[in-house]
Each structure stands twice: as structure tokens, then as C-alpha cells.
There are 2 protein chains.
Amino acid sequence: MKIEAVDFFYLAMPEVTTEADGSQDALLVRVAAGGHIGWGECEASPLTSIAAFVCPMSHGVCRPVSASVLGQTLEEPEDIARIAAAVEYDSMDLLQAAHTFSGVEMALWDLLGKARGEPVWRLLGYAASHPKTPYASVLFGDTPQETLERARAARARGFSAGKFGWGPIGRGSAKDDADHFHAAREGLGPDGVLLVDVGQIFGEDVEAAAARLPDLEAAKALWLEEPFQASALEAYGALARRSGRVKLAGGEGAHNVHMARHLIDYGGVGFIQIDCGRIGGIGPAKKVADYAVGKGVTFVNHTFTSHLALSASLQPYAGLADHRICEFPAAPKPLAIEMTATHLEPDASGQVAAPDAPGLGIEIDPAAIRKYLVDVEITVQGKTLYETPPLDQPSHPTAPHGSAG
Amino acid sequence: MKIEAVDFFYLAMPEVTTEADGSQDALLVRVAAGGHIGWGECEASPLTSIAAFVCPMSHGVCRPVSASVLGQTLEEPEDIARIAAAVEYDSMDLLQAAHTFSGVEMALWDLLGKARGEPVWRLLGYAASHPKTPYASVLFGDTPQETLERARAARARGFSAGKFGWGPIGRGSAKDDADHFHAAREGLGPDGVLLVDVGQIFGEDVEAAAARLPDLEAAKALWLEEPFQASALEAYGALARRSGRVKLAGGEGAHNVHMARHLIDYGGVGFIQIDCGRIGGIGPAKKVADYAVGKGVTFVNHTFTSHLALSASLQPYAGLADHRICEFPAAPKPLAIEMTATHLEPDASGQVAAPDAPGLGIEIDPAAIRKYLVDVEITVQGKTLYETPPLDQPSHPTAPHGSAG
């Protein structure tokens, strides 16, 4: 098969707010090859990611992502790795390339899996898709009482694990934060798995983060997620040496395999969280999973958007029976729910698993896409490099984009 | 002063090729505040970087760069640092943000310097602008004979130092490469400073890079630049431990201060090369220079484009008398020369220095901008988020861009 078309669909809620909720918009990718269709999703700025696909070439290693994808052969998993390597090298000076390619790469796996009638996890070499324990990913309330209620609600919905994130944490005193940690524990119950995400709030300030450790430990938090800027490896390492029973978690900001490995090797994280919509897709995430196994670190998906992204993020560690925790977007915006016709609901015992179905096993709902579609047009020197493609059939570009001419 | 307008101008040569020559296009930035104008330049994909400035917000920490810049107060260097911190946090999930902000940040320094009648290096705390020894930055020839001729030509133009990059190196045998190294040495003469840049060609393959070390040492190369992928810290570290008298150089891929520090601490480079058009501007580059001094590592600018970018890249280490080497774009495309009316020509002793003039000390040539201007329009939901701005006066947006609505 040759990759004939790559189409991007920018979806958004009618109103997008400053809330730390990544499900307010989405960038869907549709790939067509050999009569098959694959779908993927970038966890990234939609307009900027589209621009990185269609932009004119700047020089030999600042080529648009399209230049390494359109017209390429797709028959084997190795073809996806070859295309990924071409993007990495030929777009090395195009910073956004990894975010753009992430959704494309996912769609290539989905397409290849459908063409072969195999789930992606099997193409990755796994013999089985092991069930995972989903945690409800919710935001801290503005008050401890609100946090308590959200924790109780998660438990009432059947979640035995809950992750509380962002909100007021780190913006007031350690005592203020402690009240939220204990409220979350109370709401989850003594046997619940409590996870805490502070969204880089401490920058590089190791002491400020360390001041929260005693209360996190008292509340029996399993992990403290993203205390620092995504690249602050020294701060991660320094805190990890002091964090005792509370392990550090991080990795959602990794846009290549190196960054994830550095968080393990230099940052000392106990949990490495990978978003397939940012790290370059499923292939790089699988490399991180393999590396984590060798280092005794637990792999966890990072997913705050749709069930297409959720299925993709489960694939890289589907076969790792001992890596059981799974982020499950518990309260996403309607567009993230509606854009897929298939959903990965927890089973009777509350577990979820990557589907045993061809590709990613997720069907897209065209009506929902149409409802949330954001119309975009990009023209350069009077030539239209991008316009929102038709939903009913793949576009067929006559030539790859590559020059401003 | 309030930042009233930020205008981007995308310039390109009529034909852009796959040559590893970053001067084939440019993204100029004009900032207006309090009746003053500042200019900067992103070393980045122009269309993608523009998109990252104007894109609709995706969520609280995936805001467009514009949201942290437009309308902000600019009176002191600390204001620039505050704006940079806002971009880093509020655009943490917008990968392209650092590349986009780099040119804006430069323009903020230029504007502040002009408003105060001070060169930027003085605003950075330096008492003097020390002269640097420029090296001619040229590409390896296709044959050793061509490399020899380019080295002789550089020497004939008065350069006592030359950097040879990319081309066939690493694509054939170590012996093939050796012929180029020795040809470059022959052309430069025995007293010339020889620098070698292999443009990430070895990926993570330490042995392949190490196989070139004996001949680099025999040719008395001062450094081996970018042997590996920009984030391959382990490979850098492993090669550094074996590289003997040839020091490793790298850092142009750094898009934040952390990455540069990691190349020093984990990668063992002896020369840290910073492009102010990528790392987030002059402020972060100054932080790297301070860090390098403390670690006994030499700071070098990375500049392959215009003399506006060259002046900006000289500022962060202008006051470091012992850090003497300076990349000087010796054979850029006409647009990179023509876009500025001022040029930093080597003095009688062949040295260059950051100008003792307000701001960056570089005047822009509007006629050249007009000649190479690439016309762009980006519309979202029927609303024009970007169109090539008028050259003669700053645009005055009525509101920051920030929602898809």
C-alpha cells in the first residue's frame, strides 16, 4: 500500500476556557492507503500541528511532516518506524513535528491493523491484552469540600483509583494543599488508590515540592505527578531521593523517547506516563515501555481526551500484566465522548483493556465530527496549503507540499 | 510601555532546496511599544511559528504565545523574564512556542535597548562587548577537492577559523570522511582553527562516531559538533569520555535552558552552542552562558542566518572575554544579507563584536523585506487570525487572539 492521503480535522467545543482540561478540542487524523482508513489523534494545538504538516520547507532538515509521510509504502510495522525516523531527521528543526506526527503515526497503526485484521498490540509483539485498573482523572476542587465530593463521586461511579490534579495546589500553603490531599483520601476511602498531579506548579523549586511530601505520605498517595517543568531533570532527581514511599510520576511532556528515558535515568521517576498523542505515536511509546520494564519502572498511559486516544495509549503496554494502572478520562467534554461511536467501558470488575479488534478497535462518529468541526484555511503565496477536508472521502493531494513557490 | 503590536514577516528565497542551509528563509518579528520598534528573528519554520502565535487556545496551558505577550508592560529586563515565564507555563503543551517566542523575545530586548539608548549586552549586566574570532561556517564539499577549495577560500577572505558541516560526512566510510577532514585542514593551513559539524548523522551510534575520532584528532579539529540526535545525552556522554583532545560541541537544538544544561552535565560537551532564535531568545541564552562559565565550558553562538540574528546571538556572551569563538555565516543566501542595512563586518584584525549601539544595533532594510516577503493568510471559522501585516506601520490588534469562537 502507498499512503495516499492524510487529512486533519480540528474539533472544538463552542467555548474553550483556561481550565486545565485537554478535552476541549481535538485534532483528528485520517489516513488512507490501499482502500483502508486509519484514525489517530494529536494531543496538541490543532492549528499549529496542521501548519507543521503543510508548511513550506525551510531547508533540508526543516521539512514539513507531510514530506516524510505522503506517498510512502506501508506494509509492515517496520515501515512505520522508517517513516518516523525520516520525520525525526528531516524535520529536526521543526519543533512541532513530534506533536503533528503523533496522530499520523497512530493512524498508520490503526490502518495497518485493519488491513491485517489484527489489533495493534499484536502487531507490537504482545500475545495478550491484559486488563488495567482505570483511575478517574479529575481536577482538584476549589475547596477541600469540593475535592471530597469529587472523590466520593468517582468512587460511586465504580472507580477504585482516582487522580486529582491542578486546581489550587501549590498556589497557597502546604497546609492548604494538605487539606485537599486528605479530603481526596477520605472521599476515595481507605482502600482507594490516590494519585496526585500538580501540573509543573513548582517549576524547579525542590523545597516547595518537598514541603508537600509528609502530607502526601500521610494521605497514602501512590505518586506525586509533574512537580516540576517537564525538562527539570535535576529537580526531579533531587526530589526522588527524598520522596520515600511517595513515588514521582511524569513524562506526559516527553516529545521523544530520549526525554522519557532521561526522566527515568536522571529524574528517578517510579512511574513513566506517556501520551501517544505527543511522543510521536505508539512506536516510541512501546520503546519507552520496554525501557521501563528493564529499569523496574511502571509504565502508565497519559490520556485526557477521547477513547480513540485511550485505545492508542493502552496499546504500548497492553501486554505488560504487571503494569496495571491506566488513566481513564472520567469527565471529559462532550466532544471527546461523542467523536467515537465505540467506548472502552470498564468491565464488571471495573477493568479496561485495549480491544481485541482490528487496529485500534475504535469507530469514529462522523456526525459528531461534523458538529464540532472548526473550519480552517491556510494560504501561502495565494496557494491553499490546507483547508478543512471533506468528511465523506479522503482528499487526494496531487503532490506533497514542500516549497513556498 | 505596553506591548501594542507583534508583527511577523515570513521571508523566503524564490527557490528553497533540501540543502542544509538555514538562510533560505527567515521569520522576522517586529514589536511596537511606547512609540518604539524592536526587531527579532526566529530560527524556525515560519508558517508553523506564526500559527503558534495566533492559534486558538486549546486549554489553560496550551494558549497561543500571543496571549502572554500582547498588552504586557515592558519597562525593565525583568518584564521580559516575566513574559518568558508566562509563555513557558501557559504554553507548556504548545511545542512550537519556544521557537515562536525566540524572535519576539529578541525584539523585546532590541526595543528596550533602543528606548533606553543602551546596547542589549549592557542591559544584560556586561560592562564591555569583547571582540570574538569569527569562524566561517560552510558546508563540506561533495568531494575532498571541493572541501579543500572552500577552506582555501575562507582563509583567503581573512578567516583564521573555519567550520565544515554536513555534506557527505557519515554517509560513507570513516576513510572517506578522513579525506575531507584532512582537506579542510590543508585548506585552512596549519595554524587555522578547524571545526567539524556532522549534523546528527550518527543518531545514537557511539561506535560510528568514535571511528572518526582518530582522523579528527590527526587533523587537529578543535571540536566535533552534533554527532548525535539533539537529545541523545547518553551517546554524547559516552563519546565525550573517549574523545581525547577533540571536544564535543552541541546545543543548537536546545529549546530551553534545561536542554543546554543537560548537554553540559550529562552530555559532557566542551562547547555549548546556543541559537537565540530557538532557545527562547537572549535571556535564556544568557542563563546558559552563566552556567557554562561555572562549569568550565565555552559558550559559542549558533547563527546561520542574518546579521540581526548574529547580533542577538553575540549579546549573551559579549562580556565573556575568554569565550572567543563566534559562528559567522560566511556564505548565506542573499535574503539573509539584504534584510539588514547594518552588517557586523570583521575589523582590521579579523574580529567581530556585538555593536556598541542601542538595542541590537542592527537596522532593517524594508525594501529587502518587501522583495522576499511571502504572503500568508490563516483563517479559522471565517475569522482571519493572521495576514501578512503592512510593512510601513505596526498593526494594532484590538484584542489578543485566544479562542476559536
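## The parallel sheet of chain B

Strand β4 (residues 133–139) and strand β5 (residues 161–165) of chain B run parallel and are joined by five bridges, where strands are DSSP runs of E of at least two residues, helices are runs of H or I of at least four, both numbered from the N terminus, and two strands pair if DSSP finds at least two bridges between them. Within this pairing, B:A136 stands opposite B:G162 of β5(B). The model is a predicted one, in which local features need pLDDT of at least 70 and side-chain atom pairs count only at pLDDT 80 or more, while totals for chains, interfaces and linings use all residues. Residues are numbered from 1 along each chain as its sequence is written, and chains are lettered from A and ligands numbered from 1 in the order in which they are written.

β4(B) and β5(B) belong to an open sheet of eight strands with parallel pairing, in the order β10-β9-β8-β7-β6-β5-β4-β11. Its edges are β10 (298–301) and β11 (325–329) of chain B, each of which pairs on one side only, and the twist averages 30° from one strand to the next. Helix α7 (residues 174–188) of chain B lies across β5, β6 (193–197) and β7 (221–225) of chain B and runs at about 150° to β6(B); here axes are lines fitted to C-alpha atoms, for helices over the stretch in contact, and angles run from 0 to 180 degrees between N-to-C directions.

## Helix pairs in chain B

α7(B) also packs with helix α6 (residues 144–156) of chain B, at an angle of about 25° and with the axes 7 Å apart. The two helices are therefore roughly parallel to each other, a class that takes angles under 35 degrees, with those over 145 counted as roughly antiparallel, 65 to 115 as roughly perpendicular and the rest as oblique. On the α6(B) side the contact includes B:L148 and B:R152, and on the α7(B) side B:A183 and B:E186, two residues being in contact if their C-beta atoms, placed from the backbone, lie within 7 Å. The residues of this contact divide into six nonpolar, three polar and five charged, with Ala, Val, Leu, Ile, Met, Phe, Trp, Tyr, Cys and Pro counted as nonpolar, Asp, Glu, Lys and Arg as charged, and the others, Gly among them, as polar.

In another pair, the axes of α11 (257–265) of chain B and helix α12 (residues 282–295) of chain B come within 9 Å and cross at roughly 20°, which makes α11(B) roughly parallel to α12(B). Among the residues that make the contact are B:V257 and B:I264 of α11(B), together with B:V288 and B:Y291 of α12(B); by class, the contact has seven nonpolar, no polar and three charged residues.

## The antiparallel sheet of chain B

Three strands of chain B form an open sheet with antiparallel pairing, in the order β1-β2-β3. The edge strands are β1 (3–12) and β3 (36–42), each pairing on one side only, and the twist averages 20° from one strand to the next. Strand β2 (residues 25–33) pairs with β3(B) in the antiparallel sense over seven bridges, and the bridge partner of B:A32 in β3(B) is B:I37.

## The contact between the chains

The contact takes 54 residues from chain B and 54 residues from chain A. On the side of chain B that touches chain A, the elements giving two or more residues are α1 (46–54), α4 (97–116), α11 (257–265) and β12 (376–380) of chain B, and the largest share, five residues, comes from β12(B). That side divides into 25 nonpolar, 23 polar and six charged residues. Strand β12 (residues 376–380) of chain A pairs with β12(B) in the antiparallel sense over five bridges, and A:T379 stands opposite B:E377.

Chain B can be laid on chain A with an RMSD of 0.0 Å by a turn of 180° and a shift of 0.0 Å along the axis, the copies being superposed by least squares on the C-alpha atoms of residues with pLDDT of at least 70 in both. The two copies are thus related as by a two-fold rotation axis. Because 100% of the interface residues of chain B are also interface residues in chain A, the copies meet through the same surface.
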